[in-house]
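I opened my notebook for a friendly look through this one. Here is what I looked up, entry by entry.

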Amino acid sequence: MKDSPQVTVLRLGHRPGRDERMTTHVGLTARALGADKVVLANAARNQADTVIDITDRFGGPFDVASTEEPKRLIRDFEGRVVHLTMYGEPVQDVEDDVRAAHAEEPLLVVVGAEKVPFEVYEHADWNVGVTNQPHSEVASLAVFLDRLFEGRELDREWENPDRVVVPQETGKRVVDPDEQ
């Protein structure tokens, strides 16, 4: 988000044939809730295209990248690393420390797919559990980003959209930005 160091979300792993919707939703959630960039495994090229298409239609800025070496990205990241896992410290216990660190430097938020290698747990500055119960990685990402940005992401202004959703009590309305 503007006026703060970058937040990058890394989707660690992608199981073709199983994770298509989940990986797409990680990217869309990252975009909608304040992250600046998502990095997907190379096996997730179609999901990257979907997130790019949504960004083109509904506005940005938001970057989408891929990597063949996600562990190297974690190891070489210049900033702090948060790994979202149900085995981590409760988000409510670490959110102030994470927010304070993010005020000074970029943040990499790691979201797993398949079994996460132990070295990710070791390299993370924080292993964070949104709840210590089985749940969706998309839910974890959404709750974490909302806690990180303290709701500011909900008022974000999007640049250069082709389409704008008009909030209303019932029904759906999507218009050209000039009609808004």
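Surface. I looked up the accessible surface of the chain and got about 9,900 Å², of which 45% belongs to carbon and sulfur atoms; the areas come from the Shrake-Rupley method with a 1.4 Å probe, and for residues only the protein chains shown count as cover.

Ground rules. I am working with a predicted model, where local features need pLDDT of at least 70, side-chain atom pairs count only at pLDDT 80 or more, and totals for chains, interfaces and linings use all residues. I number residues from 1 along each chain as its sequence is written, and side-chain values use heavy atoms, with hydrogens and water left out.

Overall build. I checked the radius of gyration: the chain has 16 Å, which agrees with the value near 16 Å for a compact globule of 180 residues (taken over C-alpha atoms; the globule rule is 2.2 Å times the number of residues to the power 0.38). The C-alpha atoms fill a box of roughly 50 × 35 × 30 Å along the principal axes. I also noted that 46% of the 180 residues count as buried (under 20% relative accessible area, with exposed over 50% and partly exposed in between; 1.4 Å probe, protein chains only).

Secondary structure. I found six helices and eight strands in the chain (DSSP runs numbered from the N terminus: helices are H or I with at least four residues, strands are E with at least two).

The sheet. I traced an open sheet of six strands in the order E3-E2-E1-E5-E4-E6, with parallel pairing (two strands pair if DSSP finds at least two bridges between them). Strand E3 (63–67) and strand E6 (126–129) are the edge strands, each pairing on one side only. Inside the sheet, E1 and strand E5 (residues 107–112) pair in the parallel sense over six bridges, and Val-7 has Leu-107 as its bridge partner in E5.

Helices on the sheet. I see helix H1 (residues 20–32) packing on the sheet, where H1 touches E1, strand E2 (37–41) and E5 and makes about 175 degrees with the direction of E1 (axes are lines fitted to C-alpha atoms, for helices over the stretch in contact, and angles run from 0 to 180 degrees between N-to-C directions). Helix H2 (residues 45–58) lies across E2 and E3, at about 170 degrees to E3.

A closer look at Thr-8. Is Thr-8 buried or exposed? Thr-8, in strand E1 (residues 7–12), counts as buried because its relative accessibility is 5%. Leaving aside residues up to four places away in sequence, I list Lys-37, Val-39, Leu-107, Leu-108 and Val-109 as touching Thr-8 (contact means heavy atoms within 4.5 Å).
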